[in-house]
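Here is a short briefing for a first look. Please keep the sequence and the 3D view open as you read.

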Amino acid sequence: MGTRTESPGYTLAVGKQGTELILTLAGRVSLGSADALLAELDAHLDDPAVTTVTVDLAGISYMDSAGVLTLIRLEEHGSRRGRVQRYLHVPPEVRKVMDLIDRGELSKPPLHGDEEPGGVVDAMGNAAQRIAADFIGIMAFLGDLLAALLHAIRHPRDVRWGDVLFAMRRTGTEGLPIVALISLLIGLIIAFMSSLQLKQFGANIYVASLVALAIVRELGPIMTAILVAGRSASAYAAEIGGMMVNDEVDALVTMGFDPIRFLAVPKLIGTVLVLPVLTLYADLFGILGGMIVGVTGLDLTPYTYLEASRRIISVYYLVSSLVKAVVFAFIVAWIGCQRGFQVRGGVEAVGAATTSAVVTSILLIVVADSAFAIVLHYLDKT
Amino acid sequence: MNPGGSAVNGTGEAVVAVEGLTARFGDTTVLEEISLEVHRGEILCIIGGSGCGKSTLLKHMIGLLRPAAGRVLIGGTDIVAADDEQLNRIRGKIGVLFQSDALFGSMTLGENVALPLSAVDGISPETAGAIVRMKLAMVNLAGYENHYPAELSGGMRKRGGLARAMVLDPKILFFDEPSAGLDPVNAAEQEVLIRAINAGLGTTMVIVSHHVELVLGIAHRIIMLDGREKGIIAMGTPEELRRSAKDPRLRRFLFKEDARRMG
């Protein structure tokens with residue numbers, strides 16, 4: 001940030017006649033010299049015998065509003081001690097600025113008090129209230145969304161399929177490169193780390209099983225969901241939030257469209273259709289990453305590696321992984337859109353909604369994944 | 001200084017001068033070879049229909065856009081050729097009120113107004129607070145320093161933006177559509193406020209607007225731009241323009257002649 005300094009361009013002469021203090025001010029008085037001037041003037045007012053202060057402004061060449069304010073503040077300081085302040089030879093320019101300043105308004109207290117920091121208990125109570133209200137908001141939106149989805153299933157012609165395809169392209173096609181790269185590297189890392197241990201026991205072939213199992217059952221679905229949450233939940237929240245700020249959502253309502261059916265349902269359908277496919281890709285690339293380590297570092301042939309992987313992956317694992325992907329996709333679209341519709345006020349609320357969309361959807365994805373881990377384990381046993 | 005109030009045209013000394021300014025966006029020429037002067041202490045209004053380039057002209061005058069050709073002089077310094085340091089010095093002497101108030105939503109009104117003060121050395125927090133209260137009182141917003149912009153009405157936000165624009169006592173104030181989005185009562189209040197600040201602080205003002213009532217009420221001089229001519233088609237005091245307006249485009253603008261005929 002640039003700084004401007006202004007040299008004090010004023011001169012102050014002080015004289016005294018009985019109980020009257022005469023301050024003769026000349027030159028330039030402006031913002032930069034206001035503090036110095038006030039301190040200097042105050043210093044001359046210590047004498048309790050003074051009852052009248054006369055300020056002579058004959059020599060003033062320039063005085064800005066900050067300069068005039070300094071004189072008014074001096075007046076206030078003086079009036080607290082019962083002094084009267086008079087002005088002599090006020091230049092017309094300065095007189096106009098003085099007239100522009102309403103002294104009564106200056107001492108008006110703020111309509112909002114300064115925010116007082118509450119105690120710990122207050123803060124905890126507020127936080128609890130906020131979380132509860134947030135939870136209710138999310139759940140109420142879930143109800144609206146399910147009702148809109150039901151309507152879409154009953155009346156498929158009402159769905160804006162063009163927007164569904166657009167959401168699929170943005171989330172799926174455009175997300176594929178980053179999903180592929182991350183999955184490949186994750187597969188590679190798991191294979192490399194586990195091979196260091198398993199090699200010692202000559203159990204090289206089990207690297208393939210370990211990677212395939214970890215990727216298909218857990219890491220594929222959850223890594224993809226987290227990436228999509230980062231890319232798409234944020235995009236949905238920002239898009240809808242921006243529309244809220246610009247009254248576009250209100251415009252939809254006045255034209256007779258239900259904003260949830262119009263905006264959220266296509267995103268939901270698009271995400272739910274595309275995330276399982278992305279998850280399959282992630283599984284494939286993860287196994288490929290493991291194979292790179294297996295073939296180059298563990299003397300396995302591609303055939304044996306893939307065969308070992310195939311043997312460990314059951315149809316049950318694959319289907320449960322796709323079911324997870326559908327649920328995660330639902331969470332991403334649900335939270336992304338809800339955070340967007342929640343935006344009130346200005347643009348800064350859009351930024352907050354975007355962040356919150358990513359954080360909340362990742363949180364819910366992990367919670368859902370924990371539930372899946374337990375439920376799938378018992379389903380597998382039966 | 002002008003003791004007579006609103007009917008003066010300043011001292012005749014040019015504080016802003018635009019010389020042969022040409023503005024282009026890509027291949028589209030918006031303004032061609034425009035020259036004008038703004039005199040000390042006057043209120044100059046730039047009018048014209050939508051898309052005539054009046055906001056573009058304003059953005060060139062405050063250095064946000066670089067002209068394809070020509071010069072813009074503020075206080076005798078060419079801001080097109082100025083280096084960063086010179087430009088910063090000039091920017092300290094001008095204030096701009098944007099069409100959307102451009103108040104920062106994450107700061108209170110008081111913090112918004114105090115922001116330009118933080119760039120000046122040696123101002124104590126007490127003094128900064130007193131200056132903020134004074135400027136807010138000048139725009140009839142005394143007591144609102146702890147409000148956030150979202151808690152204020154459109155008219156109040158506009159006035160808050162004005163308080164921020166004039167916190168450093170700028171020599172020149174630029175306004176982009178100061179009455180846009182305001183109801184007639186608020187627009188009239190804005191008009192009174194602009195006139196009071198011009199008369200009280202002697203601030204030179206350049207106002208871009210298509211609000212005819214406001215312009216005729218406050219302008220010392222009016223310049224009309226036209227999109228097809230890409231330049232100035234009329235210039236003069238409100239009285240001169242009203243009396244001798246021959247150009248049909250100007251008559252349509254000032255007297256809404258077409259609209260009446262249609263009605």
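This is a predicted model: local features need pLDDT of at least 70, side-chain atom pairs count only at pLDDT 80 or more; totals for chains, interfaces and linings use all residues.

Residues are numbered from 1 along each chain as its sequence is written, chains are lettered from A and ligands numbered from 1 in the order in which they are written, and side-chain values use heavy atoms, with hydrogens and water left out.

**Chain A overall**
- Chain A holds 13 helices and 4 strands. Helices (H or I, at least four residues) and strands (E, at least two) are DSSP runs, numbered from the N terminus.
- The radius of gyration of chain A is 36 Å, while a compact globule of 382 residues would have one near 21 Å. The radius is taken over C-alpha atoms, and the globule rule is 2.2 Å times the number of residues to the power 0.38.
- The C-alpha trace of chain A spans about 110 × 60 × 40 Å along its principal axes.
- In chain A, 43% of the 382 residues count as buried. Buried means under 20% relative accessible area, exposed over 50%, and partly exposed in between (1.4 Å probe, protein chains only).
- Among contacts in chain A with a separation of 6 or more, 81% join residues 24 or more positions apart. Contact means heavy atoms within 4.5 Å.

**Lys324(A)**
- Lys324(A) sits in helix H12 (residues 315-341) of chain A.
- Lys324(A) counts as buried because its relative accessibility is 2%.
- Leaving out residues up to four places away in sequence, Lys324(A) touches residues including Arg217(A), Glu218(A) and Asp369(A).

**The sheet in chain B**
- In chain B, 4 strands form an open antiparallel sheet in the order S2-S1-S4-S5. Two strands pair if DSSP finds at least two bridges between them.
- Strands S2 (28-39) and S5 (77-78) of chain B each have a single partner strand, so one side of each is left without a neighbour in the sheet.
- Strand S1 (residues 14-25) of chain B pairs with S2(B) over 8 bridges. Ala14(B) has His39(B) in S2(B) as its bridge partner.

**Glu13(B)**
- Glu13(B) belongs to the segment before S1 of chain B.
- Glu13(B) counts as partly exposed because its relative accessibility is 42%.
- Not counting residues up to four places away in sequence, Glu13(B) touches Val38(B), His39(B) and Arg40(B).
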